[in-house]
Structure formats: C-alpha cells, structure tokens
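Take a look at the chain below. This report goes from single side chains to the chain as a whole.

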Amino acid sequence: PVANATITPGALAQPVHAGDPVSLRCSVQVGSAPVTFTWLRDGREVARGPLLELGDVHVGHSGTYQCVATNQLGQDGHRVFRALSPELALTVTPRGRWN
C-alpha cells in the first residue's frame, strides 16, 4: 500500500507574489508501482500526475493544496489504497507597483 505522501517543497516562501513560478512535486515513501497522483485544491481535483506546475501564479491560485497517491494491490486490482499528503496552504499576494 502507498504511504507517507509528501509535497515538496513542504513550505513555500510566504508570501508568494503574483508572477512567481511555483511547482509542487508529490512523492510517496512506500508504494508498489504503478502509483497515480491526484492534486486537490480546496478539496477539488485540479490535476493528475506527480508534478503540479502552476507556472506564474496569480491570486486565483491561492488555496489549500493536497496530493492523493493511489495504487492497487492484488491480481484483480480490487484493493485500492490511498495516501493523502499533509495540506499545503498557498497564499498569493498581488505584486505591488513598487516592486
């Protein structure tokens, strides 16, 4: 079964400014392949895959991000295991004109 899903970087430099590039990677310490990754923002699915490339973020990217790692064990694939990463809060602040 998958276990210990983590997001790196685990802590973003706060505050993140609009226009900053942000990439998050999800990984598991334990888990037989194939492992699938799903990204949630505020509980809603926003992407799939181990890497979440937000690119140059804007205020609309703010929210709580979480990664869900899933794999299946057994020849029939009926046993599905899920591991949720800790939540990562992302706050994007508008870039002021003085920057």
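Is Arg48 exposed or buried? Arg48 counts as exposed, at 60% relative accessibility. Keep in mind that this is a predicted model.

**Salt bridges**

Arg48 has a charged partner. Its side chain meets that of Glu45 in a salt bridge, 2.8 Å from N to O. Glu45 is partly exposed, with a relative accessibility of 46%.

How many salt bridges are there? The count comes to two. The other pair is Asp20 and Arg95, whose side chains meet at 2.5 Å, N to O. Asp20 lies in the loop between strand E2 (16–17) and strand E3 (21–30), and Arg95 in the segment after strand E10 (92–93), so the pair ties together parts that are 75 residues apart in sequence. Asp20 is partly exposed, with 22% relative accessible area. That value lies just past the cut-off, because buried means under 20%. Arg95 is also partly exposed, at 41%.

Here are the two pairs side by side.

| Salt bridge | N to O distance |
|---|---|
| Asp20 and Arg95 | 2.5 Å |
| Arg48 and Glu45 | 2.8 Å |

Now turn to Asn71. It is found in strand E7, which covers residues 63–73. Asn71 is buried, with a relative accessible area of 1%.

What does its side chain reach? Another is the backbone oxygen of Ser32, which lies 2.9 Å from a polar atom of the Asn71 side chain. Leaving out residues up to four places away in sequence, Asn71 touches Pro1, Val2, Gly31, Ser32, Pro34, Val35, Arg79, Val80 and Phe81.

**The whole chain**

Step back now. The chain has zero helices and 10 strands. Read along the sequence, the pattern is β-β-β-β-β-β-β-β-β-β. The C-alpha trace spans about 60 × 20 × 15 Å along its principal axes.

What share of the 99 residues is buried? Buried residues make up 33%. The accessible surface comes to about 6100 Å², and 52% of it belongs to carbon and sulfur atoms.

Contacts reach along the sequence as well. Among those between residues at least 6 apart, 63% join residues at least 24 apart. Finally, consider the charges. The chain has 8 positive and 7 negative charges, and their mean positions are 2 Å apart.

Definitions and conventions
Residues numbered from 1 in each chain as written. Predicted model: local features only at pLDDT ≥ 70, side-chain atom pairs only at ≥ 80, totals over all residues. Heavy atoms only, no water. Salt bridge = Lys/Arg side-chain N within 4 Å of Asp/Glu carboxyl O. Helix = DSSP H or I, 4+ residues; strand = E, 2+ residues; numbered from the N terminus. Buried < 20%, exposed > 50% of the residue type's maximum accessible area, 1.4 Å probe, protein only. Polar contact = N/O pair within 3.5 Å; in protein donor to acceptor, adjacent residues only side chain to side chain. Contact = heavy atoms within 4.5 Å. Areas by Shrake-Rupley, 256 points an atom, 1.4 Å probe, with all protein chains shown as cover. Lys, Arg positive; Asp, Glu negative; His and termini not counted. Charge placed at Lys NZ, Arg CZ, Asp CG, Glu CD.
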